Structures are given as C-alpha cells and as structure tokens.
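Reader: Before using this model, I would like to go through it item by item. Please give the cut-offs along with the answers.

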Amino acid sequence: MLEIDGLDVHYDGVHALRGLSLSVAEGEIVALLGNNGAGKTTTLSAISGLVRPSGGTVAFQGDDITRRRPHRITAAGLVHVPEGRKIFSTLSVHENLQLGGYLVRDQVELRRRVERVYELLPRMAERRAQHGGTLSGGEQQMLAIGRALVTGPKLLLLDEPSMGLAPLIVAQIMDLIRDINTDGTSVLLVEQNAAAALKIAHRGYVLESGACVLDGPAASLREEPKVVEAYLGGT
C-alpha cells in the first residue's frame, strides 16, 4: 500500500531523513519508534506532502506521490492526523467532524461517515453540540481521529496520539486504533509510548538520526534488547 524508498529530507540545514525505506501493507498497523529528533514526524510530513523530500520516492497504492500536493494526497485516501490534535476549538464536535468531509460531495455519504464515527466514539455522540476547546485532552484526540475518519482514509498517519494523556486514556486510544484497523483502515503510527504501540502493531521500525536501525514483527521488537533498554524501560 505504502512504499518509501531511499527518502532524504533536508531543511534548516539539517539532514532530517537519511535514505529511509519502509512499507505499510494493506490491513497493517505499523509502528514508527524513536527518540525525539529521530525523524518520525518528518517521515509523516514527507509522506503527506507537507515537507518536500530532497531524494527518494514515496508511492501509495502504486502511484508516485513524492511531489504531489497535500490536498491531492488526502483525496487519494492517505490522511494525516498531526501531533497536537489541531481541532477547531470554537466549533462544535459535530462541526469539526463535518469539516473532515470537505472532500465528500455526497451529503448522504457524509452523514453516513459521521454517524459511523459516533458509533465508534459514543462519547463524541454525547458531546456533539459541545465546543471542541472545552473537551478533555483525550476527547480532543478522539475528535481529531474521528475527523480524519470522515475524510475516508485508506491509510491513516497518526503522530503521537497518546502524548500527554493519562494511562487509562492511552489504552482507550490504542483500542480505538485497533478498531479502526479492524474496520479496514491501515495505520502508520508514530508513538513515544513504544510499549502501547507494539501491543497493537503488526510490525515496527526504529529510527535514529533519520535512518532505520531496526525493523521487524512487533512481537520480535518487544523482545529485542536494544528496544527493551531504550524504549520499554529495561523491562
């Protein structure tokens, strides 16, 4: 579904990605792990067209999207939920979800997608008239993911969805990601909480200084000594 080959990104004098190659197959959850500054967010931004690569290629469902504009990448079914949620705080939950369907011309289909989000996220249904800015951090993250689902992703790029959330809410977010995947959407997940990510992922990649240093099935990475020491608290 997604094939990244030899990707290089330079900006502000920094060589942020160094010949990065990775893939996501249809139906997979793939975790992208690494410390701050490893290049994880840059990877997602390069995939979604927010950052222009200086070398290498990004292919989605067999089409080269390396130089494609972000709105065209989104329209193709590759949807990016950035770090920090970026919801519209002065709009209601329902209005935020409707804005996720800005590319959907069929209003019946738009309503169907919004209702499906409410089925997945009953808390959002309860708060449909509430302003986004008055939601808790976990609810805002759920809203950001729900809005992306209304867009109709085939592949969902999630950047640090658990950041700043309590453990119980993190577990709920991870359950939501698993449900989204079961519903038919592939996921590329950037996550500082490596333990949570590797519990739900099928495969994973570990980045250091913009390059991949480890990859493999999630179960194998959970047992890899370097991953245990660096990302799983040595346990």
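Reader: What is the relative accessible area of Gln61?
Author: The model is predicted, and local features need pLDDT of at least 70, side-chain atom pairs count only at pLDDT 80 or more, and totals for chains, interfaces and linings use all residues. Residues are numbered from 1 along each chain as its sequence is written, and side-chain values use heavy atoms, with hydrogens and water left out. Buried means under 20% relative accessible area, exposed over 50%, and partly exposed in between (1.4 Å probe, protein chains only). Gln61 falls in the class of partly exposed residues, with a relative accessible area of 41%.

Reader: Where is Gln61 found, and what is its phi near?
Author: Gln61 is found in the loop between strand 4 and strand 5 (63–64); helices (H or I, at least four residues) and strands (E, at least two) are DSSP runs, numbered from the N terminus. Gln61 is a residue other than glycine, yet its phi is positive, near 50°.

Reader: Is Asp12 buried or exposed?
Author: Asp12 lies in the loop between strand 1 and strand 2. Asp12 has a positive phi of about 50° although it is not a glycine. At 74% relative accessibility, Asp12 counts as exposed.

Reader: How many bridges join strand 1 to strand 2?
Author: Two strands pair if DSSP finds at least two bridges between them. Strand 1 (residues 2–11) and strand 2 (residues 14–24) form a hairpin with two residues between them. Val9 has Leu17 of strand 2 as its bridge partner. The two strands run antiparallel, and the number of bridges that join them is seven.

Reader: In strand 4, which residue is the bridge partner of Ile4?
Author: Strand 1 also pairs with strand 4 (residues 55–60), in the antiparallel sense over five bridges. In that strand, the bridge partner of Ile4 is Val58.

Reader: How many of the residues of strand 7 are buried?
Author: In a regular strand the side chains alternate between the two faces of the sheet. In strand 7, Leu155, Leu157 and Asp159 point one way and Leu156 and Leu158 the other way, and all are buried. Strand 7 (residues 155–159) is thus described as mostly covered, the buried count of its five residues being five.

Reader: What hand does the β-α-β unit with strand 7, helix 7 and strand 8 have?
Author: A crossover is right-handed if, with the strands pointing away from the viewer, the path from the first strand over the helix to the second runs clockwise. The unit made by strand 7, helix 7 (residues 167–182) and strand 8 is right-handed.

Reader: How far apart in space are Leu135 and Val93, C-alpha to C-alpha?
Author: Leu135 lies in the loop between helix 5 (122–126) and helix 6, and at 6% relative accessibility it counts as buried. Contact means heavy atoms within 4.5 Å; leaving out residues up to four places away in sequence, Leu135 touches Val93, Arg127, Gln130, Gln140 and Leu143. Leu135 and Val93 are 42 residues apart in sequence, and their C-alpha to C-alpha distance is 9.1 Å.

Reader: What is the radius of gyration of the protein chain?
Author: The protein chain has ten helices and ten strands. The globule rule is 2.2 Å times the number of residues to the power 0.38, and the radius of gyration is taken over C-alpha atoms. For 235 residues the rule gives 18 Å, so the chain is as compact as a globular protein of that length, its radius of gyration being 17 Å.

Reader: What percentage of the 235 residues in the protein chain is buried?
Author: The C-alpha trace of the protein chain spans about 45 × 40 × 35 Å along its principal axes. Of the 235 residues, the buried share is 51%.
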